[in-house]
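Please examine the sequence and the structure shown below. The report that follows describes selected features.

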Amino acid sequence: MNTRGLRSQLKDSVPVTGMGPQVGAYGVQDTLRSGFSSVKNELLPSHALELSEKNFQLNQDKMNFSTLRNIQGLHAPLKLQMEYRAARQIQRLPFLQSSHLALDTLKGNDESISFEDILNDPAQSEMVGEPHIMVEYKLGLM
Amino acid sequence: MATLSVCQTQLGGFSFENCKRNAVLEAEVTKLGCRMPAARKTGTTIVGVVFKDGIVLGADTRATEGMIVADKNCSKIHYISPNIYCCGAGTAADTEMSTQIISSNLELHSLSTGRLPRVATANRMLKQMLFRYQGHIGAALVLGGMDCNGPHLYSIYPHGSTDKLPYVTMGSGSLAAMAVFEDRYKQDMEEEDAKRLVRDAIAAGIFNDLGSGSNIDLCVITKGRVDYLRPHDMANKKGVRTGNYKYKRGTTGVLTKAETKLVLEVVEETVQTMDTS
């Protein structure tokens with residue numbers, strides 16, 4: 001639940017960039033991994049909510065952090081972000097399901113239920129990620 | 001299971017993968033002259049009124065799917081918390097899911113604070129969620145309940161705007177119901193008067209609006225007591241058949257009777273266990 005909704009903080013929100021092509025190592029469309037490119041697919045989102053939903057969590061965090069900075073000073077968001085970074089590292093390998101328990105408790109997600117928990121649960125996904133490719137992507141070897 | 005060469009795990013929540021495919025399918029289907037299947041709506045009359053000691057919520061019980069009645073006796077008054085109930089109009093699945101999510105969130109919140117939840121909390125949670133989805137979740141709600149500050153009644157629109165009023169109506173039959181309210185509402189009514197007023201308002205919606213029909217459900221919320229009256233009034237009973245086409249026993253005369261006993265013996269018995277876990 002968002003408790004701070006100040007419009008003045010919106011200037012810090014993530015800009016709506018559009019889908020953008022998936023650039024590979026040489027700055028060109030990475031056909032092997034993300035398929036053939038099509039301008040129509042990339043310029044326009046397929047649904048009005050697609051972009052706002054993709055960036056929703058980021059925008060909420062940015063708004064909350066900037067409000068916190070205005071109220072309590074720079075130290076408060078810095079400390080929180082350091083804790084988030086530490087909690088984000090407590091995870092299993094990328095292709096396995098991690099519970100994100102520490103991160104959820106810090107963010108307060110353990111006391112709320114929303115569509116992220118009900119629909120499209122990644123633990124129930126029918127596809128399994130390829131272990132080698134996902135680990136290589138995470139380590140930046142790809 | 002199929003493997004997929006994704007680089008990152010999928011996130012939960014709404015997935016927009018099929019939107020483009022659906023748009024293409026819809027264009028093809030309209031070219032052929034057919035229509036896409038419609039979501040089940042609750043073209044509805046839902047009302048709420050504040051009386052002296054609490055809140056009375058009322059709703060009809062018809063759910064429509066285009067021009068067909070999909071459910072003759074659906075329940076539109078949803079439970080949010082022991083002291084808060086919510087009527088829902090609009091797309092049936094949206095109202096059902098939204099109220100269930102908010103009910104769970106309120107339960108977690110009240111466990112965390114250790115207090116009875118307030119109606120204003122439920123209102124704010126609902127309006128923030130509906131605004132986040134910009135009206136694509138078609139749920140128009142009448143939220144009412146009793147908390148430490150007295151009785152409260154809110155109406156919540158699909159795009160996220162809310163109104164706090166002493167009497168509200170929503171749904172396709174809202175104009176008919178509001179006409180009854182505007183004529184006979186008084187401040188600080190007694191419980192029986194309020195129930196009669198709500199019953200008449202819903203009846204006006206049922207008889208004057210195609211999207212509302214069947215029975216009238218009522219929910220009376222006072223301090224420490226909730227009366228969920230379902231059905232409070234069956235305004236539309238199906239007719240009783242007056243004639244019977246079945247022949248009485250003995251109409252046909254019996255000439256002869258021959259009885260043959262069938263001898264059956266158990267040949268084989270198998271037991272198949274079912275995993276009911």
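## An annotated residue in chain B

Thr44(B) has a relative accessibility of 0% and therefore counts as buried (buried means under 20% relative accessible area, exposed over 50%, and partly exposed in between, with a 1.4 Å probe and protein chains only). The model is predicted: local features need pLDDT of at least 70, side-chain atom pairs count only at pLDDT 80 or more, and totals for chains, interfaces and linings use all residues. Residues are numbered from 1 along each chain as its sequence is written, chains are lettered from A and ligands numbered from 1 in the order in which they are written, and side-chain values use heavy atoms, with hydrogens and water left out.

Thr44(B) is located in the loop between strand E2 (41-42) and strand E3 (46-50) of chain B. Helices (H or I, at least four residues) and strands (E, at least two) are DSSP runs, numbered from the N terminus. The unreviewed UniProt entry places the annotation "active site" on Thr44(B); such annotations may be inferred rather than shown by experiment. When residues up to four places away in sequence are not counted, the contacts of Thr44(B) include Asp60(B), Lys76(B), Met170(B), Ser172(B) and Asp209(B), where contact means heavy atoms within 4.5 Å.

## Helices H2 and H3 of chain B

Helix H2 (residues 92-113) and helix H3 (residues 119-132) of chain B pack at an angle of about 130°, and their axes are 10 Å apart. Axes are lines fitted to C-alpha atoms, for helices over the stretch in contact, and angles run from 0 to 180 degrees between N-to-C directions. H2(B) is therefore oblique to H3(B) (angles under 35 degrees count as roughly parallel, over 145 as roughly antiparallel, 65 to 115 as roughly perpendicular, and the rest as oblique).

On the side of H2(B), the contact is made by Ser98(B), Ile102(B), Asn105(B), Leu106(B) and His109(B), which meet Thr121(B), Ala122(B), Met125(B), Leu126(B) and Met129(B) in H3(B). The residues of this contact comprise six nonpolar, four polar and no charged (Ala, Val, Leu, Ile, Met, Phe, Trp, Tyr, Cys and Pro count as nonpolar, Asp, Glu, Lys and Arg as charged, and the others, Gly among them, as polar). Thr121(B), in helix H3 of chain B, has a relative accessibility of 19% and so counts as buried. Apart from neighbours within four places in sequence, Thr121(B) is in contact with Leu106(B) and His109(B).

## Chain A and its helices

Chain A contains eight helices and one strand, in the order α-α-α-α-α-α-α-β-α along the sequence. Of its 142 residues, 18% count as buried.

The axes of helix H4 (residues 56-72) and helix H5 (residues 75-88) of chain A come within 7 Å and cross at roughly 140°. H4(A) and H5(A) are therefore oblique to each other. Their contact divides into six nonpolar, three polar and one charged residue.

## Backbone features

Most residues other than glycine have a negative phi, and most peptide bonds are trans. Asn120(A) has a positive phi, near 60°; this residue is in the loop between helix H7 (115-118) and strand E1 (128-129) of chain A and is partly exposed, with a relative accessible area of 43%. In chain B, Gln134(B) has a positive phi near 55° and lies in the loop between H3 and strand E9 (139-147).

A cis peptide bond, with omega about 0°, joins Arg230(B) and Pro231(B). Pro231(B) belongs to strand E14 (residues 225-233) of chain B.
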